[in-house]
Amino acid sequence: MPTPEHLILRELLAHEPDWVSGSVLGRKLGTSRVAVWLQMKKLRDAGFVFAAQRSHGYRIVTRPSAPHAALIETQLKVRPRNFTLVALDEIDSTNDEAARQLATGRATPFAVVARRQTNGRGRLGRAWHSEANGNLYLTVAFRPRVAPERMGAFTLWMGLNLCELLANFAKVTPGLKWPNDLLLDGRKVGGILTEARVDADQIRDLVFGLGLNINSAAETWPGYLGRAAVSLAEVTGAPLDFNRLTAAILGRVLLAYENFADGDYTKTFADLWHRFDVLRGRRIVLLEGGRRHPGTVTGLDDDGALMLRDPHGRTARFRAGEVTIEKPAS
Ligand code: BTN
């Protein structure tokens, strides 16, 4: 059900850069110009800046830089039945919040986005730096009801879709480092944390968590991240429209999930993999359960496991692990 905020934003965005009169907005809302004015105030309080002229009406000048649910929803091009979104100022972890909401029976798919996380989590029990710095902390929750074996390539498929989306949206050249790192210029721009709860033989529910460095400035990274992290804005040289990009990402995630669920993904997986994989032919060290496995990456198997040829010429498959790329000898 669109709220008055949705209706106003839909009109203003559809007519950009033109003006929309207060009486047109009033008609769309079925209310008076005074009621429109009150809604505009609410939007201003959330970070919108409008130009307002008695003779012309309203026009958006600046959009909020923090997550804004109605602005994301208004720009969302893919909208499965039942889909809902919650935008929060602060939460411990969007993955944890999604898991709590799943436990209360909330209909899927739904998304949780937050301006800041107090306990953002990364893979392998690490923390995910989650300040209110213009970066994205997003979780989308699903109930796939399929056997766990069928989800093998899920995170890779989502990562590949995100690479393509970012390449088109921000005109950058991202790469995917198996299994879940999004890279730009060899540095980490995003990470994925997929978590599932499994019943006897079925995935009961699944949360797809994405941390993406969108607008943070280099000097705001804590020292321990050093030069390992990068944001899109650092590479493009200008801040990106946070809510427009979030809507594009969310739309792509929802679509990519459907393609995965109905098996359609197999048609384009290999093409995307060849385009965005950064490991093929590279010498790496894979850390798995405390053991080091040096070798050269030869490819992926059908389940998304990484194939690694060891220095003796034997090839092994790995379903999980942490990859360090060896620098070529100079
Ligand atoms: C990684 O590369 O280690 C994965 C990082 C995933 C971080 C995201 S931010 C949104 C969601 N909520 C979390 O607590 N973690 C994921």
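**Entry 1: the whole chain**

I began with the surface. The accessible surface of the chain is about 16,200 Å². Carbon and sulfur atoms hold 50% of that surface. I noted at once that this is a predicted model.

Next I looked up burial. I found that 49% of the 330 residues count as buried.

Then I checked the overall dimensions. Along the principal axes, the C-alpha atoms fill a box of roughly 80 × 50 × 35 Å. Does the radius of gyration agree or disagree with that of a compact globule? For 330 residues, such a globule would have a radius near 20 Å. The chain has 22 Å, so I wrote down that this agrees.

Last, I listed the secondary structure. I have nine helices and 14 strands in the chain.

**Entry 2: the sheet**

I traced an open sheet of seven strands. I wrote its order as S3-S4-S5-S9-S8-S7-S6, and the pairing is mixed. Which strands stand at the edges? They are S3 (84-91) and S6 (174-177). Each has a single partner strand, so one side of each has no neighbour in the sheet. On average, neighbouring strands are turned by 20 degrees against each other, direction ignored.

I then followed one pair. S8 covers residues 187-198 and S9 covers residues 203-212. The two pair in the antiparallel sense, over nine bridges. Within this pair, I found Ile-192 opposite Leu-210 in S9.

What packs on the sheet? I found helix H6, residues 154-170. H6 touches S6, S7 (181-184), S8 and S9. The direction of H6 makes about 170 degrees with that of S6.

**Entry 3: Thr-139**

Is Thr-139 buried or exposed? Its relative accessibility is 0%. Buried means under 20%, so Thr-139 counts as buried.

I looked for a partner of its side chain. A polar contact of 2.7 Å joins the side chains of Thr-139 and Thr-94.

I then listed contacts, leaving aside neighbours within four places in sequence. Thr-139 touches Thr-94, Asn-95 and Ala-98, among others. The list also includes Phe-110, Ala-111 and Val-112. Val-207, Phe-208 and Gly-209 are on it too. From the residue ranges, I placed S9 at 203-212.

How values were computed: Residues numbered from 1 in each chain as written. Predicted model: local features only at pLDDT ≥ 70, side-chain atom pairs only at ≥ 80, totals over all residues. Heavy atoms only, no water. Pairing = 2+ DSSP bridges. Helix = DSSP H or I, 4+ residues; strand = E, 2+ residues; numbered from the N terminus. Axes fitted to C-alpha atoms, helices over the stretch in contact; angles between N-to-C directions. Contact = heavy atoms within 4.5 Å. Rg over C-alpha atoms; globule rule 2.2 N^0.38 Å. Buried < 20%, exposed > 50% of the residue type's maximum accessible area, 1.4 Å probe, protein only. Areas by Shrake-Rupley, 256 points an atom, 1.4 Å probe, with all protein chains shown as cover. Polar contact = N/O pair within 3.5 Å; in protein donor to acceptor, adjacent residues only side chain to side chain.
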